[in-house]
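Good morning, colleagues. Please have the sequence and the structure open as I speak.

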Amino acid sequence: MKKIILKAFGKINLTLDVQDRRPDGYHRLSTVFRGIHLFDLISLEKKEEGLTLEADRKDLPQGPGNLAYDAALLMMEKFPQISGVHIRIIKKIPVMAGLAGGSADAAAALTGLNLLYELGLSRETLEAFASELGSDVAFCLYPLAALGEGRGEILTPVDPGPMLWMVLAKPSFALSTAEIYLHYDQMNAALATHPNARNMILGLENQDLGEIYRAMGNALEYPVFKIYPYLAQWGRDFRRMGAEAVLMAGSGPTLAAFAREEEQARMLASHMKRAEGWTVLLTRSLTEEDLNRSMIYLGEASVEENPIEDIEGEE
Ligand code: ATP
């Protein structure tokens, strides 16, 4: 039976502004998404019938509720020619960390089934399916750089800008996106940072790191730092250790500390590793070439898969 193996890349939000709440309960967002070279591995293998899933993290749903499973189910409902599929997930993207790990896996399931079953679906069609699954899934289909509006699913590609080296630091706890929005609603939104996506887009177009650092901001830092003030303190400490800028990833709690060069990022990572209880990962922004090489394998399932060794670009 045929099988496909894909990299499912995570993202950060270089800017994340939360605007008003829509009648359907979702917040209107304006965000500049940027894909990162930190990925899960997803394998999809054809089978005679049924849908099964196996993830190497046992605290994740191994069936319904896993976003990759839900994405595959949606495809099977729409396309009866998909007889069956077995999904395997090797997680490298921290869970509930603001890095869109679940959305990335869902996007990989959509892309993978399109290729595995030669459905020939356009990016627009896949984006429409993605929006049914979650706000970040559409971006994760082609996670280079985009302005996200609406719930984050209305995408306009933007210049990916210069290479961004960053160290991701995740404290030992996880945060639920829904809960953070709830806290945001209970606070005075006027006190939060409201970054301007246009300034970021200009900084990216001008390849100007200084302008990019200045334009960074995340409105959700406000509720998260209120609940966990020591996160803000760590942000200041990471700056003292040499970070050019520090930004919370998505709905947190991961902090992204930026460096101008790979060497500087490596030094920063080694300093940050001294912070007890943090998971520290070195990564960089994604390139078009990374995306063009995101399919690791497409062929008969009997071929030995060796995905772990393929994982690079992080510490
Ligand atoms: P975002 O940045 O999009 O808000 P996140 O990084 O904060 O996402 P995820 O890691 O995507 O959060 O996980 C959010 C929830 O989704 C968790 O409750 C997790 O159990 C669930 N989930 C379902 N499928 C997956 C998956 N394949 N990988 C990770 N989490 C998953």
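**Backbone geometry and the ligand site**

Alanine 100 is buried, its relative accessible area being 12%; buried here means under 20% relative accessible area, exposed means over 50%, and partly exposed lies in between, with a 1.4 Å probe and protein chains only.

Let me state the basis of these values. The model is predicted, so local features need pLDDT of at least 70 and side-chain atom pairs count only at pLDDT 80 or more, while totals for chains, interfaces and linings use all residues. Residues are numbered from 1 along each chain as its sequence is written, and side-chain values use heavy atoms, with hydrogens and water left out.

I return to alanine 100. Although not a glycine, alanine 100 has a positive phi of about 65°. Alanine 100 belongs to the loop between strand 4 (84-90) and helix 2 (101-116); helices (H or I, at least four residues) and strands (E, at least two) are DSSP runs, numbered from the N terminus.

Glutamine 207 also has a positive phi, near 55°. Its place is the loop between helix 6 (197-205) and helix 7 (209-215). Glutamine 207 counts as partly exposed, at 45% relative accessibility.

A further backbone feature concerns a peptide bond. From glycine 252 to proline 253 the bond is cis, with omega near 5°. Proline 253 is in the loop between strand 9 (245-248) and strand 10 (255-259).

I now turn to the ligand. Which residues are closest to the ligand? They are Lys91, Met96, Gly102, Asp105 and Asp136, within a surrounding set of 19 residues, each having a heavy atom within 4 Å of the molecule. Helix 2 provides the largest share of this shell, 4 residues. By class, the shell divides into 7 nonpolar, 8 polar and 4 charged residues; Ala, Val, Leu, Ile, Met, Phe, Trp, Tyr, Cys and Pro count as nonpolar, Asp, Glu, Lys and Arg as charged, and the others, Gly among them, as polar.

A polar backbone atom of leucine 67 is 2.9 Å from a ligand nitrogen atom. For methionine 96, a backbone N or O atom lies 2.8 Å from an oxygen atom of the ligand. Alanine 100 likewise has a backbone N or O atom 3.0 Å from an oxygen atom of the ligand.

Key:
A polar contact is a pair of N or O atoms within 3.5 Å; within protein, one must be able to donate a hydrogen and the other to accept it, and residues adjacent in sequence count only if both atoms are side-chain atoms.
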